[in-house]
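Subject: Structure for you to look at

Hello,

I am handing over the structure we spoke about. Please open it first; my notes on what was found follow below.

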Amino acid sequence: MRVQIGTRVSILAAGIFLAQVAVAQSRTEQSSAGQSPTAVLQIQADHAIANVSPTLYGLMTEEINHSYDGGIYAELIRNRAMQKVSWRGLDDWILQQDGNAEAAMALDTTTGPSTALSRSMKLTVKQADASNLARVRNDGYWGIPLQPQTTYQSSLYAKADKNSNGPVTVSLINNNTGAVVATTQIAALTTEWKPYSFVLKTGAMQASAANHFILSVAQPGTFWFDLISLFPPTYKNTVNGNRIDLMEKLAAMHPAFLRLPGGNYLEGNHISDRLHWKQTLGPLVDRPTHTGPWGYPSSDGLGLLEYLRWCEDLHMQPVLAVYAGYSLAGEHVTPGKDLAPYVQSALDEIEYVTGSVQTKWGAERAKDGHPAPFPLTYVEVGNEDEFDKSSSYDARFAQFFDAIRKADPNLKIIATDPVTSRVPDVIDEHFYKSAEEFLQAAHQYDQTNRKGPKIFVGEWATMEGTPTPDFGAALSDAAWMTGLERNSDIVIMASYAPLLVNVNPQAMQWTPDLIGYDALHSYGSPSYYAQVMFSSNLGTQVVDSSLQNPGTHLYYSVTRDTAKGMLYLKVVNASAQLREMNIQIQGAQTIGINATLTVLRGQSLAETNSIADPERIVPMKTELPNISANFNYTLDPYSIQVLAIPYR
Ligand code: AHR
């Protein structure tokens, strides 16, 4: 039997259908000249050749492109802890003197609410009254997104030069109209640092990011503020939690793990800037913040426990990356006694994740609000240590390996570069390639020696499209993923990188990135949807199969899940030609009638999704009635197809 493009038209609007028929016709004409012979895919449904790794698809994360601050971490106030200062003074805070108010705003390095936050904003008001306010304004991360009828949790630390100095008015204001969208008052401050918490509630309004946050005072005096915070509702209503739309997009990927944190963020530019995980724990007022490697500081509001909760929320296991004594400016810690404290820090970190409440760090985790230990199987030692030109990684790895193995022999240890001193359980390999290179690499693991360490493709991406991958990138990403699936007995984990990008040009350091967003909206790139399709249709075993007459740029993988009685076929036609495919399924007693076809297709390689057009390219799912053990199937040019076929 033959399955035609027309089988999915029932779900298309009539106008789109007409356009697609036209496109299909012109492509048929194009392709008829150099028609490739029918490709024949033979599937031996009763014969598995390998297991699919249950952890194959996961997420890699780091603070880059405002992935956390201004990204998934839901905090809306930028530079809340006054850590970012330039020649202008305090960044992201603007002094406003209404009418004849007179005031000055400055960083005060002599006082703060805690040892960790030992500096603050000082607002000196010489003259102000109810009609002439002195104010400080924050525009958030390229706007403060507000929704109608919504409650925002806000808080700050403050003190004043005399008792009962106040009130301080806290408001959310629309940038365009000046309308007060929500407001409340702190009645009075004291001369001691104190925390204040309050809510700001919006009423009827249009959802918008054109808003700012403002603190106003109506009398002379000196005021100090710090840790000024504003949170919208978060995913699962977690305090200090994550942005809902981004978490939902990640959940749809069904990720099995979170590499936390991956990338340069773990290492920092200098050893002193490495990720000090211990300084990311506990109350926010006890987190000193730190300098990240991507040109902006990190609030560390998303710290180690928040990473672990993120795992818990999305049912992922953590892949814990520990700092291994190399930082990006080429600095390394000499193996031996100099490295010992860093190794101990890694052991402490593992204990924080997995230790019972009887252990020192397990008790700390309980104190932070999570008595139950987290599951942990994989620990990664460093990141991209091939860049360490001192060649110290082998010895550094050995020191970490021995200590971790001794502490917990069950943990699997990942090396970031080949080593000879020890045999790592897993090697992390990174690939950033052009579309053409990734198409060529789709078979690179077919011949890999199965005796060696398992492989974690901890970072990979087709480097085409900006700020997020275009459809051409999605095609080669999908072709590459067919190779990961076919070889997932040896490639046990893979994660695209970078995962997230705030698309404001000043926010982005790296392109392309899988998921884009601004303050109010988010969207998945075509590559994101390819990953959703692949991870949502993944069997537990690789099925014996072969492809004859592949022609050019045709890629596939076949997996099965015998418990569910499902066969999953992925076929990527990365050519501009329509392709005919004959699919022969042997070794199945019955082929179910409720097969489904999901197609991701672009009109051109450059076509893409964006904030303005977030669903231009999305998967289209249809029923495929009456599939048999031998059927013909027409593959659209430039298309990614997933067939889910019930069988026994
Ligand atoms: O993913 C962006 C960067 O690429 C990562 O931080 C680093 O590991 C790699 O070089």
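Arg135 and Asp98 form a salt bridge, with 2.8 Å between the closest N and O atoms. Arg135 belongs to strand β9 (residues 134–138), while Asp98 sits in the loop between β6 (93–97) and β7 (102–108), so the pair ties together parts that are 37 residues apart in sequence. In total, the structure holds 27 salt bridges. Please keep in mind that this is a predicted model.

Next, the backbone. Most residues other than glycine have a negative phi, and most peptide bonds are trans. Three places depart from this pattern, and they are listed here:

- Trp142 has a phi near 60°, which is a positive value in a residue other than glycine. You will find Trp142 in the loop between β9 and β10.
- Ala497 and Pro498 are joined by a cis peptide bond, with omega about -20°. The loop that holds Pro498 runs between β26 (491–494) and β27 (500–502).
- Thr511 and Pro512 are also linked by a cis peptide bond, and omega is near 5° there. Pro512 is in the loop between β27 and β28 (515–517).

Then there is a pair of helices. Helix α5 (residues 340–354) and helix α7 (residues 393–407) have axes that come within 10 Å and cross at roughly 35°. The crossing is right-handed. On the α5 side, the contact is made by Ala340, Tyr342, Val343, Ala346, Leu347 and Ile350; on the α7 side, Gln399, Phe400, Ala403, Ile404 and Ala407 take part. What kinds of residues make up this contact of α5 with α7? Ten are nonpolar, one is polar and none is charged.

On to the empty space. Rolling a probe the size of a water molecule over the atoms shows where such space is left.

The largest pocket has a volume of about 500 Å³. Its lining counts 24 residues, and those nearest the centre of the pocket are Ser155, Ser229, Phe231, Val239 and Leu284. Which strand gives the largest share of this lining? That is β10, with five residues. At least two lining residues come from each of β10 (151–160), β13 (194–201) and β15 (221–231). By type, the lining of the largest pocket has 13 nonpolar residues, ten polar and one charged.

The second largest pocket holds about 370 Å³ of space. Its lining is made of 21 residues, with Leu76, Pro145, Pro232, Arg243 and Ala519 nearest the centre. Here the lining divides into eleven nonpolar, six polar and four charged residues.

How many cavities of 30 Å³ or more does the structure hold? There are seven. The largest cavity contains about 100 Å³ of space. The residues that line the largest cavity are His66, Asp69, Ile77, Arg78, Asn79, Arg80, Gln83, Lys84, Tyr141, Tyr296, Pro297 and Ser299. Sorted by type, they give four nonpolar, four polar and four charged.

Those are my notes on this structure.

Regards

Notes: Residues are numbered from 1 along each chain as its sequence is written. This is a predicted model: local features need pLDDT of at least 70, side-chain atom pairs count only at pLDDT 80 or more; totals for chains, interfaces and linings use all residues. Side-chain values use heavy atoms; hydrogens and water are left out. Axes are lines fitted to C-alpha atoms, for helices over the stretch in contact, and angles run from 0 to 180 degrees between N-to-C directions. Helices (H or I, at least four residues) and strands (E, at least two) are DSSP runs, numbered from the N terminus. A crossing is left-handed if the near helix is turned anticlockwise from the far one by less than a right angle, and right-handed if clockwise. Contact means heavy atoms within 4.5 Å. Ala, Val, Leu, Ile, Met, Phe, Trp, Tyr, Cys and Pro count as nonpolar, Asp, Glu, Lys and Arg as charged, and the others, Gly among them, as polar. On a 1 Å grid over the protein atoms alone, a cavity is a set of points where a 1.4 Å probe fits but cannot get out, and a pocket is an open set with protein on both sides within 12 Å along at least five of seven lines; lining residues have an atom within 4 Å of a point. Grid points are joined across faces, edges and corners, and a volume is the space filled by probe spheres set on the points. A salt bridge is a side-chain nitrogen of Lys or Arg within 4 Å of a carboxyl oxygen of Asp or Glu.
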